[in-house]
Structure formats: C-alpha cells, structure tokens
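Let's take a walk through this fold together. Keep the model open beside the text and turn it as you read.

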Amino acid sequence: MNFCCKSFSRITDGVPCSGFKMLVRDHEGQGLFFLQFRSLDREAPLPTGPAAVGLVFASEMRLIYCPWCGVNLDKFYATEWRDLSELTKTMELNLDHRPMK
Ligand SMILES: [Zn+2]
C-alpha cells in the first residue's frame, strides 16, 4: 500500500490499543476517514464506581486532510481506501459488548 506519509502509515498499523488510531469506514460507497482517540486498551477492564462517571472511552473526528502531510485523503486514497478500510476494521473498538458495572 502506498501511504501519503510515515505518520499516517504508523497510525493505521498496529494493535487495537489506547491512543490515536486512524479508521476508514465505508459510507454508502465512499471512504470516510476518522481520527479516533481511545482512553483504554481493548482488553483493559472498564473503570467502575465514581471514577467511571462521565468517562469518555473513545472519541473521534472526521478528517478531510492528513493531519501530518496535508494531502486531501479522498483524493490520495481514491483507489485504495477500501484496502485501508479492511486494514482498520481490525482496530475498530466495540464497546457495546463490554458490561458496564
Ligand atoms: Zn499524510
């Protein structure tokens, strides 16, 4: 895969752990790019009690341009966004299956 820059490559690679991740999702045949921040590792136990009140486990924002090199992501990945989407699917964080205590 041809990445726009090393930073973008690094953030789409690796295990689904805490920190920043790039996710590419198929929305009605269009690739949408999201920068996601996670406060917990995927397998980490959820905090409980008063410390968990109001805690945000993940937040994300849609990106149009690469935050490191500035390319237009839709244009740069016009032919490869589906491959990126498959790659980043493995990093999707599904909090729905985790029980809240
Ligand atoms: Zn870039």
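**A walk through the fold**

Among contacts in the protein chain between residues at least 6 apart in sequence, 58% join residues at least 24 apart; two residues are in contact here if their C-beta atoms, placed from the backbone, lie within 7 Å. Bear in mind that this is a predicted model, where local features need a pLDDT of at least 70 and side-chain atom pairs count only at pLDDT 80 or more, while totals for chains, interfaces and linings use all residues. Residues are numbered from 1 along each chain as its sequence is written.

How far can you trust it? The pLDDT, which is the predictor's confidence in each residue on a scale from 0 to 100, averages 83 over the protein chain, and 88% of the residues score at least 70. Among the elements, α2 has the highest mean pLDDT (96) and α3 the lowest (87). Be careful with residues 97-101: pLDDT stays under 50 there, and the model has four contacts beyond four places in sequence for that stretch.

Now for the parts list. The protein chain has three helices and three strands, and along the sequence they follow the pattern α-β-β-β-α-α. Both kinds of element are DSSP runs numbered from the N terminus, with helices being H or I over at least four residues and strands being E over at least two.

Start with the sheet. It is an open one of three strands in the order β1-β2-β3, with antiparallel pairing, where two strands pair if DSSP finds at least two bridges between them. The edge strands, β1 (19-27) and β3 (58-63), each pair on one side only. Neighbouring strands of this sheet are turned by 30° against each other on average, direction ignored; the axes behind such angles are lines fitted to C-alpha atoms, for helices over the stretch in contact, and angles run from 0 to 180 degrees between N-to-C directions.

Zoom in on the pairings. β1 and β2 (residues 30-38) pair in the antiparallel sense over nine bridges. Met22 has Leu35 in β2 as its bridge partner, and Lys21 has Gln36 in β2. Gln36 also stands opposite Glu60 in β3. β2 and β3 run antiparallel too, joined by six bridges.

What sits in the loop between β1 and β2? Glu28 has its place there. The hairpin of β1 and β2 has two residues between the strands, and Glu28 takes a positive phi near 50° in it, although Glu28 is not a glycine. Glu28 counts as exposed because it has 5 C-beta neighbours inside 10 Å. The scale for this is simple: a residue is buried if 20 or more other C-beta atoms lie within 10 Å of its own, exposed if 12 or fewer, and partly exposed in between, with C-beta atoms placed from the backbone.

On that scale, buried residues make up 13% of the 101 residues in the protein chain. β3 lies largely in the open, because the number of buried residues among its six is zero.

So where is the core? The largest nonpolar core has ten residues: Phe8, Ile11, Met22, Leu23, Val24, Phe33, Cys66, Leu73, Tyr77 and Leu84. Such a core is a set of buried Ala, Val, Leu, Ile, Met, Phe, Trp, Tyr and Cys residues joined through C-beta atoms within 7 Å. The elements that give two or more residues to this core are α1 (6-11) and β1, and β1 has the largest share, three residues. Leu73 is in contact with Phe33, Leu63, Ile64, Tyr65 and Cys66, leaving aside its neighbours within four places in sequence. Helix α3 (residues 81-89) lies across β1 and β2, running at about 125° to β1.

Finish in the loop between β3 and α2 (73-76), where you'll find Pro67 and Val71. Pro67 counts as partly exposed because it has 14 C-beta neighbours inside 10 Å. Pro67 and Phe8 are 59 residues apart in sequence, yet 8.4 Å apart in space, C-alpha to C-alpha. Val71 is also partly exposed, with 15 other C-beta atoms within 10 Å. The C-alpha atoms of Val71 and Cys4 are separated by 7.2 Å, with the two residues 67 apart along the chain. Besides Cys4, Val71 touches Tyr65, Cys66 and Phe76, not counting residues up to four places away in sequence.
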